[in-house]
Amino acid sequence: MQRTALSLALLALLALLASLQPVAAQTPRVPTSRAEISLSFAPVVARTASAIVNVYAMRTVQARQSNPLFDDPFFRRFFGAPGGPGGPGFGGPSERMQRALGSGVVVDAGGLVITNNHVIEGADEVRVALADKREFDADILLRDPRTDLAVLKLKGGKGKFAFAELGSSDDLQVGDIVLAIGNPFGVGQTVTQGIVSALARTQIGITDYQFFIQTDAAINPGNSGGALVDIAGRVVGINTAIFSRSGGSQGIGFAIPADMVRVVLQSALDGGRSVRRPWLGAKLQRVTPDIAEGLDLPRPVGSLVQSVTPGSPAEKGGLRVGDLVTAIAGQEVDDPDAFGYRFATRPLGGSVAIAVVRQGRELSLTLPLEPAPETSPRDEITIGGRSPLTGATVVNLSPAVAEEMRTVDVDQGVVVTSIEEGSPADRTSLRVGDVVLEVNGLPIARTADLSRATQAPARIWRITVQRGGRKISAMLPG
């Protein structure tokens, strides 16, 4: 019996040694050919780089000489202003050209280019240089400040343009290799390599929809609008910002996910001048550790519903104040920024399922995907006359306008949509997005109210506006 047991043990040992032979065959050795040591991203770059462009934005601005004498009409009459009698150099406003440089990506054979909105903001003229040295003027088809994206259309091109394929940013994982392609510091097209160091970065403070891909691929000034590319050569993000104390790359860069880029691009393809997104009609709050403890939650994640607008998709879907939203379309959302991104990238029409916790019970609600309504005409006017608001263009507030202008916690008043440079409204530090609530004791509900309130002269103007969720009152000289 002992011999049989010994024989079985010996056979088992021999079988084990036999199974280890393939491992021994894989022992590291010195490479014997160039093919064995070559590792290159050249094929990925070759597939994508021809679609990466340089974007030049030109804007004419007014420059004022510093000598205060030339603010006096007497001196200006006899000595003139630049471009007028008396020749240049004698004070007053003069024109100068301001230039901005960024990058972009051709995403359509017809010449559609995606770039950052901040690259072309305020531009009078936009010019795009392709990787093959050709240059084209470009029209701005759509600007979306909320995502910091813009869509351009190349003019005068014959034939089809090389373009890059948009991938799915949801397919990315932390640790994936990515390439950043753009024109940093204006030195020419440059490729840097790194990994995805984080996903779903929120609370960055760059755009309204904060849900960024973070990468350690070197991104520098001029890379804005360039492509973040995966190893299959697909564009998975648009490089938009860096975290830096020196102005150069410190290994933390942020890219707008391709799934958001696709929403903005589709709006341009549909002929829209702005992006139409689903409207929730509810205000969400981040869950802090204290709130989580009070609600007996295992961890501080999700979005707490603070308020629900009557008649909104949130109300229609059964969302209530106090509900904790934890997921949308089966995807977990940790905070309001994550929910906002997921909700905004859903197509209009149809509905979406959201998971909520209500008084300890898990529920599934179905919300319609509808745009914010234009409940009243905008009645746009530009304030004239002599008041601190002269030069401001205002419209009536509605859910659609509130979404577009990013106003919060206000449902009545008129909102400032633009301000003429150098006007009294500009000098009083009025801002686009301010909601005018009251002028000289008169409540302002519509643009006609504001027009009447600013027609009569006054020695002192008392104006109340709402900005960023808080009321500001000021007394200004007439």
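Helices, at least four residues long, and strands, at least two, are DSSP runs numbered from the N terminus. That numbering gives H10 its name, and H10 gives the most to the lining of the second largest pocket, with four residues. The model is predicted.

- The volume of the second largest pocket is about 890 Å³.
- Its lining is made up of 33 residues.
- Nearest the centre of this pocket lie Arg146, Glu403, Glu404, Met405 and Arg406.
- Three elements each supply at least two lining residues: strand E5 (135-144), helix H10 (399-405) and strand E24 (460-467).
- By class, the lining holds 14 charged, 12 nonpolar and seven polar residues.

**Salt bridges: the count and a network**

- The model has 19 salt bridges, counted where a side-chain nitrogen of Lys or Arg is within 4 Å of a carboxyl oxygen of Asp or Glu.
- Arg127, Glu135 and Asp137 are joined in a salt-bridge network.

**Glu332 and Arg299**

- A salt bridge connects the side chains of Glu332 and Arg299, at 3.0 Å from N to O.
- Glu332 sits in strand E16 (residues 331-332), while Arg299 is in the loop between helix H7 (289-294) and strand E14 (303-308), so the pair ties together parts 33 residues apart in sequence.
- Glu332 has a relative accessible area of 48% and is partly exposed.
- Arg299 is also partly exposed, with a relative accessible area of 42%.

**Asp379 and Arg446**

- Asp379 pairs with Arg446 in a salt bridge, and their closest N and O atoms are 3.4 Å apart.
- Asp379 belongs to the loop between strand E18 (361-368) and strand E19 (381-382), and Arg446 to the loop between strand E23 (442-443) and helix H12 (447-453), so this bridge ties together parts 67 residues apart in sequence.
- Asp379 counts as partly exposed, because its relative accessibility is 40%.
- Arg446 counts as partly exposed, because its relative accessibility is 35%.

**Asp449 and Arg452**

- Asp449 and Arg452 form a salt bridge, with 2.7 Å between the closest N and O atoms.
- Both residues are in helix H12, and they are three residues apart, so about one helical turn separates them.
- Arg452 counts as exposed, because its relative accessibility is 53%; the cut-off for exposed is over 50%.

**A nonpolar surface patch**

- Ile177, Ile195 and Ile231 make up a nonpolar patch on the surface.
- Together these three residues have about 230 Å² of accessible area.
- Ile177 is placed in strand E7 (residues 177-182).
- Ile177 counts as partly exposed, because its relative accessibility is 33%.

**A buried phenylalanine**

- Phe161 lies in the loop between strand E6 (149-154) and E7.
- Phe161 counts as buried, because its relative accessibility is 7%; buried means under 20%.
- Phe161 and Gly110 are 51 residues apart in sequence, yet their C-alpha atoms are 6.3 Å apart in space.

Definitions and conventions:
Residues are numbered from 1 along each chain as its sequence is written. This is a predicted model: local features need pLDDT of at least 70, side-chain atom pairs count only at pLDDT 80 or more; totals for chains, interfaces and linings use all residues. Side-chain values use heavy atoms; hydrogens and water are left out. Patches are made of residues with over 30% relative accessible area and no salt bridge: like charges are joined within 9 Å, nonpolar side chains (Val, Leu, Ile, Met, Phe, Trp, Tyr) within 5 Å. Accessible areas come from the Shrake-Rupley method with a 1.4 Å probe; for residues, only the protein chains shown count as cover. Buried means under 20% relative accessible area, exposed over 50%, partly exposed in between (1.4 Å probe, protein chains only). On a 1 Å grid over the protein atoms alone, a cavity is a set of points where a 1.4 Å probe fits but cannot get out, and a pocket is an open set with protein on both sides within 12 Å along at least five of seven lines; lining residues have an atom within 4 Å of a point. Grid points are joined across faces, edges and corners, and a volume is the space filled by probe spheres set on the points. Ala, Val, Leu, Ile, Met, Phe, Trp, Tyr, Cys and Pro count as nonpolar, Asp, Glu, Lys and Arg as charged, and the others, Gly among them, as polar.
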